[in-house]
Amino acid sequence: MERINNLDTLIQMQKEFENIMEIRKSTVTNTERRELLICGGTGCVSSESLKLLENLKDEIKKHGLEDKVRASITGCFGFCEKGPIVKVFPEDVFYVGVTPGDAANIVSTHLVQGRKVERLLYEEPALKKKVDTQHEMEFYKKQKRIALRNCGLINPELIEEYIANRGYEALGRCLLEMTPKEVIHIIKTSGLRGRGGGGFPTGLKWEYASKMDSPIKYVVCNADEGDPGAFMDRSILEGDPHSIIEAMVITGYSIGSNKGFVYIRAEYPLAIKRLKNALKQAKQAGLLGQNIMGTGFNFDIDIKYGAGAFVCGEETALIHSIEGGRGEPTTKPPFPAEKGLWDKPTSVNNVETFANVPAIIINGASWYNKFGSDTSKGTKVFALAGKINNVGLVEVPMGISLREIIYDIGGGIKDGKEFKAVQTGGPSGGCITADQLDVKIDYESLYSIGSMMGSGGMIVIDEDNCIVDIAKFYLQFTVEESCGKCTPCRVGNKRLYEMLTKITEGKGTEEDLETLRTLAETIKLTSLCGLGQTAPNPVLSTMKYFHEEYLAHVRDKKCPAGVCQSLLRYTISEEKCIGCTKCARVCPVSCISGKVKEVHVIDQDLCIKCGACFDACPVNAISKG
Amino acid sequence: MMTRTLSQDLYDQLEGYIDSIEPTEAALIEVLHEAQHIFGYLPMEVQLFIGEKLHVPASKVFGVVSFYSYFTTEPKGKYVINICTGTACFVRNAESIVREFEKALNIKTGETTGNKKYTIDCLRCVGACGLAPVVMVNEDVYGKVTVDDVYKIIAKYTE
Ligand SMILES: Cc1cc2nc3c(=O)[nH]c(=O)nc-3n(C[C@H](O)[C@H](O)[C@H](O)COP(=O)(O)O)c2cc1C
Ligand code: SF4
Ligand code: SF4
Ligand code: FES
């Protein structure tokens, strides 16, 4: 690709690819041409979406449709539950759960005969009716895609397609038409706040960094995404890597920096590959590197890899890790904006925060701050997962209620089970109960009910999950991830974990609950960094809202959800047992007695609660509880 | 100096990589990634080699290796079975999958079978939460894994 040296060339390029965008945005519909987009995110790639793409291309060729039909990959559509997805433009038809074997059918039926492939259409569970087009799907109706604007619309591996949807136009306008102060002013008035968890106003952060008097400054993109069960940042990097590059250059221009780093988890190979490819393309096009767009402004970006340490998501730890050391946090102040990477002023921003920036510059601050609540503007991407029907990536305006996310967008709880809670904010957050489903989500409201926005993980828990077990899971995570630098976090959280283990083993007492609470409060107050300060949140919030369930464990020695193994009791029903002896044969400790064709009995004192008999019984005569 | 027992070829590969970049302390983590990629793990002799090449004290190299869970100082089996125990997989019963693999291979998580064929490991979220619970064997991803699938998966890797 040739270098782009001014805004005119860029706008010219937009026009060249306009015809593709027209079809994909369905602004032109009376055409023979078709665009097929197939999800090429990690989830769908592991469900063979690339093989599917190959097959589609072969079939298109076989039918001699190459001139009229193009098929390519795109970023995550968000509807991961039913992937791989194939979308046909301009008619907006949305095929779900497509396998490589379906390619022939899609091409011959849809593209040749012009009929939809009914069996691959999504069926709206509530209406029991097939849905023809994407915009009719309940999953999408309440969503507003800004950070994810290009995911499901462009091929992330082609810079031309990014440019076609106004990519790098924001950068051009900043460099050529605005002063750094003006750029910062737009971001400030847009109300954009950090999406990495802290919610700090992005414009203010840039302003601090810009005011620092230093010839060397750095821009860092935090793509560590440590919250297990969250995949927003990965999806953005896989689906729209150029938006991050563009935003980082804009940040560099605003604060007066010429060098950026993306700190990314080594566990995200596909995102790394797409980002590397995008960096190369941007450089070739003169949108990165020396003399960007012929303006004389220089900015370069390097990739740095994480190595499996959650605490490295914390900005000071991340900085030490980029410097090549152990990722241990240090106290703030000084904040990175004053003294960051190699002691130079550094603006650390999250992937999703960056993804919003070009859209804000192009559409203006007052466009952006129309979305959202009083204190939290714009949209937020959430990774909906757990016991929910529509697992996936959703982007919603701030201020929406959890009920809308879980029931309208998420399609409710899996297998018709009862909703129990939703955990937001990952290991740092807390649980939200059925009573709070109507709370309008923003930074402040979530904090006020003992949880937090976090980076956007949203894990739905149902009646089959034990709340103590969940709290224990998070604690185990933080214990493993504590860097060990300060004692409250290193030792305190370990004690919390041990106490929770004791409780799930039926050895806990009511006093333990009190100790648990006091210790949790102390750790929060005395830990050095955000990891330790927030680690006890899952315990405190579950204790607050599910006190009864904790009591059941310590007082009645029962796990109401039937999860905690040691608290289970297996019994054989006299009425149902047919005396087949299967259970007695599988029992590893031989504690089941009974003759052939006679009722069997379990010796409770010897039973180790392994559950083998429960699985083996052919007539479901064994119950647990 | 410690005698080297691993193949000179591999060392040459690593040396080639280090010479192609700026050999500073800031490159330590990248070099360790590359070394683990080449050797499969990071034994003491490799760590010492890296320390010398980057002019970083061995204690610092070891400090970094031990800090990050991605780095391993033990060789792994031919097939590394990674069970995702991220939150999404956890609430969809990843624990029972872990237990089943442990039972089937008769080793604990983090261990390698005597014949160096299988290693069981856990990892936190591979980003395919829609497919929870997720199991990876080397590069292959298996989604919506049930306890019954465990034996079928192992049966695919018997070579
Ligand atoms: C323990 C811990 C883990 C964190 N993990 C992440 C992370 O994975 N990604 C991220 O962007 N921010 C993470 N943060 C927040 C960062 O410290 C920092 O606030 C953020 O990257 C700033 O960018 P933003 O203002 O755009 O959100 C973490 C903080 C703590 C205390
Ligand atoms: S709070 Fe935990 S993670 Fe943070 S510095 Fe202390 S020990 Fe390390
Ligand atoms: S749960 Fe296990 S130990 Fe207990 S009776 Fe059944 S098979 Fe035997
Ligand atoms: S939690 Fe297992 S893939 Fe995300």
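This is a predicted model: local features need pLDDT of at least 70, side-chain atom pairs count only at pLDDT 80 or more; totals for chains, interfaces and linings use all residues.
**Entry 1: chain B, domains**

I started with the spacing of the two parts of chain B: the C-alpha centres of domain 1 and domain 2 of chain B lie 30 Å apart. I looked up the bounds too, and the assignment puts domain 1 of chain B at 8–67 and domain 2 of chain B at 79–156.

**Entry 2**

Next I went through the strands. In chain B I found four strands in an open sheet, ordered 2-1-3-4, with mixed pairing. Which strands sit at the edges? They are strand 2 (118–123) and strand 4 (140–142) of chain B, and each of them pairs on one side only. From one strand to the next, I get an average twist of 20°.

I also checked what lies against this sheet. Helix 6 of chain B, residues 94–105, packs on it and touches strand 1, strand 2 and strand 3 of chain B. The direction of helix 6 makes about 155° with that of strand 1 of chain B.

Then I looked at one pairing in detail. Strand 1 (residues 79–84) and strand 3 (residues 135–137) of chain B run antiparallel, and three bridges join them. I picked out B:Ile81 and traced its bridge partner in strand 3 of chain B, which is B:Val137.

**Entry 3: ligand 1**

Over to chain A and the ligands. I have 18 residues around ligand 1, and those that come nearest are A:Gly196, A:Lys205, A:Asn222, A:Asn350 and A:Thr353.

What is the distance for A:Asn222? A polar side-chain atom of A:Asn222 is 2.9 Å from an oxygen atom of the ligand. For A:Glu225 I noted a backbone N or O atom, at 3.1 Å from an oxygen atom of ligand 1. A:Val348 also uses a backbone N or O atom, and there the distance to an oxygen atom of ligand 1 is 3.4 Å.

**Entry 4**

Around ligand 2 I have 13 residues, with A:Cys483, A:Cys486, A:Cys489, A:Cys529 and A:Gly532 coming nearest. Sorted by class, this shell holds eight nonpolar, four polar and one charged residues.

Ligand 3 has 14 residues around it. Which come nearest? I wrote down A:Cys587, A:Cys607, A:Cys610, A:Gly611 and A:Cys613. The shell of ligand 3 splits into twelve nonpolar residues, one polar and one charged.

Terms used: Residues are numbered from 1 along each chain as its sequence is written. Chains are lettered from A and ligands numbered from 1 in the order in which they are written. Side-chain values use heavy atoms; hydrogens and water are left out. Two strands pair if DSSP finds at least two bridges between them. Axes are lines fitted to C-alpha atoms, for helices over the stretch in contact, and angles run from 0 to 180 degrees between N-to-C directions. Contact means heavy atoms within 4.5 Å. A residue is near a molecule or strand if one of its heavy atoms lies within 4 Å of it. Ala, Val, Leu, Ile, Met, Phe, Trp, Tyr, Cys and Pro count as nonpolar, Asp, Glu, Lys and Arg as charged, and the others, Gly among them, as polar. Domain bounds come from an automatic or database domain assignment. A polar contact is a pair of N or O atoms within 3.5 Å; within protein, one must be able to donate a hydrogen and the other to accept it, and residues adjacent in sequence count only if both atoms are side-chain atoms.
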